[in-house]
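Subject: Structure handover

Hello,

Here is the structure I promised to pass on to you. Please open it alongside this email, and my notes follow below.

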Amino acid sequence: MLSEPPSKFLKIALFVRKWPHKSHAGGLERHALTLHLALAKRGHDLHIFTTSGDSFFSNYSNNNLHFHFSKPTPAGYLDQASVWEQFQAQNSSSKPFDVVHTESVGLRYTRSRYVANLAVTWHGIAYETFHSDIIQELLRTPQEPQTKALTERAVKVVEEVKFFPNYAHHVATSDHAGDILKRVYMIPEERVHIILNGVDQQVFRPDVSKGNEFKKRHGIPDSKSLVIGLAGRLVKDKGHPLMFEALKQIIAENSTFQESSMVVVAGDGPWGARYRDLGANILVLGPLEQAELASFYNAIDIFVNPTLRAQGLDHTLLEAMLTGKPVIATRLASIVGSVIANNEMGYTFSPTVSALKKAIYEMWVSGRDVLDKKGQVAMQRGLQLFTATKMVAAYERLFLCISSANHEDHFCEYQPSDN
C-alpha cells in the first residue's frame with residue numbers, strides 16, 4: 001500500500017506528552033511511535049515536541065526525526081508556554097509546518113485555536129468513559145466508599161464539548177468514538193476522521209516455531225491443552241480484579257480446568273503478584289520487549305482482554321489478532337463496533353464475574369480446533385483493518401489533504417481509500 005512515494009514531502013509537527021521507550025509504552029505512546037517513525041521513513045520531516053525523560057533518542061539514525069525537549073510540568077504534562085515557543089521558532093524558520101499533529105491534548109486547546117492545519121488524535125474522550133464509571137460503580141464492594149466519578153465525568157463532558165471545536169480536525173481511533181464526536185460533541189462531519197489503530201504486521205504475525213521456543217523457554221508444558229494469554233498494564237481499570245476473581249472461582253470449582261490449562265500473563269502492575277497467588281498454572285512474566293511479546297502471542301491459544309476502560313482501541317487485541325489468535329474482550333462499544341464484530345473471531349462478555357466465567361468456560365469447551373478457526377478469521381480482519389501500513393497510509397492521506405487546504409476557506413474533506 002505504501003510502495004509509492006508520497007505526492008509531496010511534508011514538514012510535520014508532533015506534540016506528544018512522552019516519547020515511548022521499549023516495553024513501557026502505553027497505547028497513546030505506542031501509536032505515536034509506530035505512526036511517526038513510519039512517516040519519517042517515508043521521507044516526511046518530523047519535529048517531535050515532547051518532555052525530556054529516560055527515552056533513548058540516540059537509537060534513531062533517521063535524519064528526518066528532530067526532537068525538541070522541554071521540562072515537564074509537576075504533573076508530567078508538556079509545559080505549554082515552552083513547547084509553543086519552540087514550535088513558533090521552528091514554524092518561522094525556512095519552511096513553516098505543513099501539518100501539526102497532537103496526540104490527545106499534547107497541545108492544549110488554548111494554543112490549538114491558533115493552528116488551522118492541525119489534527120488531533122483522541123485516544124479516549126470523557127463521554128466514552130461514562131460506561132467505565134458505571135461499571136466501576138457496579139463492581140464496587142459495600143466496603144469501598146462511593147466516588148463522585150459519575151458527577152465529575154458529566155462536568156468533564158461539558159468541558160470537552162466546549163473546547164473540542166478549538167481543534168481543526170479530529171481523528172477518532174474507533175467507529176464509536178467518531179460517532180460520539182459527531183453526534184454528542186457536535187463536531188462538523190467533515191472535521192471528523194476515523195482511523196483505526198494499527199500495529200506492525202511484520203512483528204506481530206503467525207510463527208509456530210517462535211511460539212514453541214517461547215513455551216520451552218518459560219516452562220509451559222506441552223501437556224496443557226489450553227494456554228490463555230493476558231497482556232498489558234495489570235491495573236484495576238484494565239479489568240484485572242474481574243479476571244482474577246473469575247480465575248480464582250474456576251480453579252476452585254473445576255480441577256480439570258486447572259490441570260489442563262495454563263494462564264500466561266505478560267505485563268507490569270499490582271495485579272501481577274496476586275495472579276501468582278492463584279497457583280502453579282498461572283505464569284506471570286512481567287513486561288516483555290516487542291519481539292518477545294510477539295512470541296508470547298504465538299505461544300497462546302486465545303487472548304483475554306478484560307478491560308473496563310471504554311476508550312479507544314487497545315493495541316493488545318490487535319496484536320493478538322494479527323498473530324492469528326482469537327480474543328475474549330469486554331462488550332464495550334469501541335470493541336464490538338470496530339474489533340470483535342461477531343463470534344466467528346472470538347468472544348465478548350458483559351463486565352461481570354459470572355459473564356466472564358461463562359465466556360472462559362465456553363472457549364475451554366470449544367477446544368483448539370474451534371479456537372484455531374476463530375483465530376484465522378480474527379487474523380483476516382486484523383490484516384484488513386489493523387496493520388500499521390494501513391494506519392500510516394490513512395494518516396498520510398489525511399495530512400496531505402490538510403496541507404493542501406491551508407490557504408482555503410473550507411476544511412479539507414478527507415476520504416479514506418478503499419484499499
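A salt bridge here is a side-chain nitrogen of Lys or Arg within 4 Å of a carboxyl oxygen of Asp or Glu. Asp 301 and Arg 368 form one through their side chains, at 2.9 Å from N to O. Asp 301 sits in the loop between helix 11 (290-299) and strand 11, while Arg 368 belongs to helix 14 (residues 353-385), so this pair ties together parts that are 67 residues apart in sequence. Helices (H or I, at least four residues) and strands (E, at least two) are DSSP runs, numbered from the N terminus.

Before going further, a word on the source. This is a predicted model, in which local features need pLDDT of at least 70 and side-chain atom pairs count only at pLDDT 80 or more, while totals for chains, interfaces and linings use all residues. Residues are numbered from 1 along each chain as its sequence is written, and side-chain values use heavy atoms, with hydrogens and water left out.

**More on the salt bridges**

For burial I use relative accessible area: buried is under 20%, exposed is over 50%, and partly exposed is in between (1.4 Å probe, protein chains only). On that scale Asp 301 is buried at 10%, and Arg 368 is partly exposed at 30%.

How many salt bridges does the rule give? The count comes to twelve. Another of them joins Arg 309 to Asp 237, with the closest N and O atoms 3.1 Å apart. This pair links distant parts of the chain, 72 residues apart: Arg 309 is in the loop between strand 11 (302-305) and helix 12 (315-322), and Asp 237 is in the loop between strand 8 (226-233) and helix 8 (240-253). Arg 309 is partly exposed, with a relative accessible area of 30%, and Asp 237 is partly exposed at 22%.

Lys 238 and Asp 314 also meet in a salt bridge, at 3.5 Å from N to O. Lys 238 is in the loop between strand 8 and helix 8 and Asp 314 in the loop between strand 11 and helix 12, so the pair ties together parts that are 76 residues apart in sequence. Lys 238 is buried at 18%, whereas Asp 314 is partly exposed at 21%.

Contact means heavy atoms within 4.5 Å. Leaving aside neighbours within four places in sequence, the contacts of Leu 234 include His 240, Val 265, Pro 270 and Trp 271. Leu 234 and Ala 266 are 32 residues apart in sequence, with 8.7 Å between their C-alpha atoms.

Helix 12 is mostly covered, with eight of its eight residues buried. Among them are His 315, Leu 318, Glu 319 and Met 321. Just after helix 12, Gly 324 takes a positive phi of about 90°.

**Two helix pairs**

Axes are lines fitted to C-alpha atoms, for helices over the stretch in contact, and angles run from 0 to 180 degrees between N-to-C directions. Angles under 35 degrees count as roughly parallel, over 145 as roughly antiparallel, 65 to 115 as roughly perpendicular and the rest as oblique.

The axes of helix 1 (residues 27-41) and helix 15 (residues 388-404) come within 10 Å and cross at roughly 70°. That makes helix 1 roughly perpendicular to helix 15. The contact includes His 31, Leu 35 and Leu 39 from helix 1, and Met 391, Tyr 395 and Phe 399 from helix 15.

For helix 4 (residues 126-139) and helix 5 (residues 149-163), the axes come within 9 Å and cross at roughly 170°. Helix 4 is therefore roughly antiparallel to helix 5. Residues that meet here include Tyr 127, Phe 130 and Ile 134 in helix 4, and Leu 150, Arg 153 and Val 157 in helix 5.

Ser 104 has a positive phi of about 50° although it is not a glycine. Ser 104 lies in the loop between strand 4 (99-103) and helix 3 (109-112) and is buried at 13%. Met 186, not a glycine either, has a positive phi of about 60°. Met 186 lies in the loop between helix 6 (175-183) and strand 7 (192-194) and is exposed, at 61%.

Best wishes
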